[in-house]
Amino acid sequence: SQYLLFVFLGAAALGTIAGGPIGDRFGAKFVIWLSILGVLPFTLLLPYVNLPWTVALSFVIGFLLASAFPALVVFPQELLPAR
């Protein structure tokens with residue numbers, strides 16, 4: 001379980017780094033929706049796969065889930081009246 005946690009958290013760190021440029025290119029709303037809805041099929045598939053696929057799906061889930069973090073920080077700042 002510690003190896004899967006390492007993969008998940010490592011992917012989350014990479015997703016956080018990659019989320020900024022992705023959000024700049026495609027927009028913050030798109031990245032937020034992709035993060036929310038993008039992990040759904042992988043999460044639903046997770047209980048039915050073997051160990052190597054569990055590692056791969058954990059990486060994808062962690063990456064997609066954390067990619068919205070930069071957008072979730074910047075998007076509310078843009079909604080403020082004074083910015």
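**A serine and its helix**

Modeller: Start with a polar contact: a pair of N or O atoms within 3.5 Å, where, within protein, one must be able to donate a hydrogen and the other to accept it, and residues adjacent in sequence count only if both atoms are side-chain atoms. Here the S35 side chain reaches the backbone oxygen of L64 at 3.0 Å. This is a predicted model: local features need pLDDT of at least 70, side-chain atom pairs count only at pLDDT 80 or more, and totals for chains, interfaces and linings use all residues. Residues are numbered from 1 along each chain as its sequence is written, and side-chain values use heavy atoms, with hydrogens and water left out.

Biologist: Is S35 buried or exposed?

Modeller: Buried means under 20% relative accessible area, exposed over 50%, partly exposed in between (1.4 Å probe, protein chains only). S35 has 4% relative accessibility, so it counts as buried.

Biologist: What does S35 touch?

Modeller: Contact means heavy atoms within 4.5 Å. Leaving out residues up to four places away in sequence, S35 touches L64, L65, S67 and A68.

Biologist: Which residues of helix α2 are buried?

Modeller: Helices are DSSP runs (H or I, at least four residues), numbered from the N terminus. In α2, residues 28–38, the buried ones are V31, I32, S35 and G38. Seen down the α2 axis, they fall within an arc of 155°, so they line one face of the helix. The arc is that of the directions from the helix axis to the C-beta atoms.

Biologist: What does the face turned away carry?

Modeller: That face of α2 carries the exposed residues K29, W33, I36 and L37. The buried residues of α2 pack against α1 (2–26), α3 (40–45), α4 (51–66) and α5 (69–79).

Conventions
Helix = DSSP H or I, 4+ residues; strand = E, 2+ residues; numbered from the N terminus.
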